[in-house]
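Thanks for coming. Please have the sequence and the 3D view open while I talk.

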Amino acid sequence: MTDLSFVHVYQPAAIANAPTLLLLHGTGGNEHDLLSLAPLIAPGAAVLSPRGKVLERGMPRFFRRLAEGVFDIDDLKLRTGELADFVAAAAAHYKFDARTVTAVGFSNGANIAASVLLLRPTTLAGAILFRAMVPLEPEIRPSLDGTHVFVSGGRRDPIVPADNTERLATLLREAGADVALAWQDAGHELTNADIEQARTWFARGR
Ligand code: MLT
């Protein structure tokens, strides 16, 4: 199926056989927001960066929410499927190896990445989740054996409670993922320490 229906940026790998990063912005961002992070985290990697299709008062997001931290689960499931299908279609179209895709998501982007892990577990080889929470409780426990996840929370994050991020790490571990959980001396915003630790984690081969 060809479904390149997300507005997106694709940048081919600068190094042969380098993996692909799937960049997923936060609420109000767009496909350009995280582009500068990619070479810092994975030099030479290909980049696929879609723009969320949902608009909340003009701000792009990856799925609808009813209130801060209260998600529209039906929409989330639908959008998760759309994003997973988009990744597969983009791999076929741009000819990158779909088995090497690591998501890099911030906030709303991290939450849809977590949802892809939980609902479409074969889509991603791994994920870097900045300021993520539990997007939904999956009805069927996914098998995430061999999937590597770096979760980075802000100790003073006013939007994402620490115990919610911890619950996400536990949920992913229970599904078999190899999860590294890091805490930053930060709020909801992304810091240099987040990027540095994500880079080290990625370079170690996850
Ligand atoms: C956001 O502002 O994006 C929230 O913190 C996370 C979400 O709604 O997915």
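First, some ground rules. This is a predicted model, so to speak of local features I need pLDDT of at least 70, side-chain atom pairs count only at pLDDT 80 or more, and totals for chains, interfaces and linings use all residues. Residues are numbered from 1 along each chain as its sequence is written, and side-chain values use heavy atoms, with hydrogens and water left out.

Let us begin with strand β10, residues 148–154. Two strands pair if DSSP finds at least two bridges between them. Strand β10 pairs with strand β11, residues 178–184, in the parallel sense over seven bridges. Within that pairing, G153 is opposite W183 of β11, and V149 is opposite V179.

How does the chain get from β10 to β11? It passes through helix α4, residues 162–174, and this β-α-β crossover is right-handed.

Is β10 buried or exposed? Six of its seven residues are buried, so β10 is largely enclosed by the rest of the structure. Buried means under 20% relative accessible area, exposed means over 50%, and partly exposed is in between, using a 1.4 Å probe and protein chains only.

Now the cores. In soluble globular proteins, nonpolar side chains tend to be buried together. I call a set of buried Ala, Val, Leu, Ile, Met, Phe, Trp, Tyr and Cys residues a nonpolar core if they are joined through side-chain atoms within 4.5 Å. The largest one here has 43 residues, and those touching the most other members are L22, L24, L117, L129, V149 and L172. Several elements each supply at least two residues of this core, including β2 (20–24), β8 (101–106), β10 and α4. Helix α3 gives the largest share, seven residues. Apart from this core lies another, of 21 residues, among them V9, L34, A45 and V47.

Take L172 as an example. Contact here means heavy atoms within 4.5 Å. If we leave aside neighbours within four places in sequence, L172 is in contact with L117, L118, L129, L144, V149, A177 and V179.

N164 lies in helix α4. It counts as buried because its relative accessibility is 13%. With the neighbours within four places in sequence left aside, N164 is in contact with M133 and V134.

Next, the aromatic rings. A pair of aromatic rings is described by the distance of the centres and the angle of the planes. Rings of Phe, Tyr and Trp (its six-membered ring) pair if their centres lie within 6.5 Å; planes under 30 degrees apart are stacked, over 60 edge-to-face, and the rest tilted. How many such pairs does a search of the whole structure find? It finds six.

One of them is Y10 with Y94, which is stacked, at 4.1 Å centre to centre and 10° between the planes. This pair links distant parts of the chain: Y10 is in strand β1 (residues 8–11) and Y94 is in helix α2 (residues 73–94), 84 residues apart. Y10 is buried at 18% relative accessibility, whereas Y94 is partly exposed at 27%. Together with F96, Y10 and Y94 form one aromatic cluster.

F63 and F71 form an edge-to-face pair, 5.0 Å centre to centre with 85° between the planes. F63 is buried, at 0% relative accessibility, and F71 is buried too, at 12%.

Some rings also have a charge over them, meaning that NZ of Lys or CZ of Arg is within 6 Å of the ring centre and within 35 degrees of the ring normal. The charged end of R61 sits over the ring of F63, 5.1 Å from its centre.

Last, E196 in helix α5, residues 192–203. E196 is partly exposed, with a relative accessible area of 40%. Its C-alpha atom is separated by 7.5 Å from that of I41, 155 residues apart along the chain.

Terms used:
Helices (H or I, at least four residues) and strands (E, at least two) are DSSP runs, numbered from the N terminus. A crossover is right-handed if, with the strands pointing away from the viewer, the path from the first strand over the helix to the second runs clockwise.
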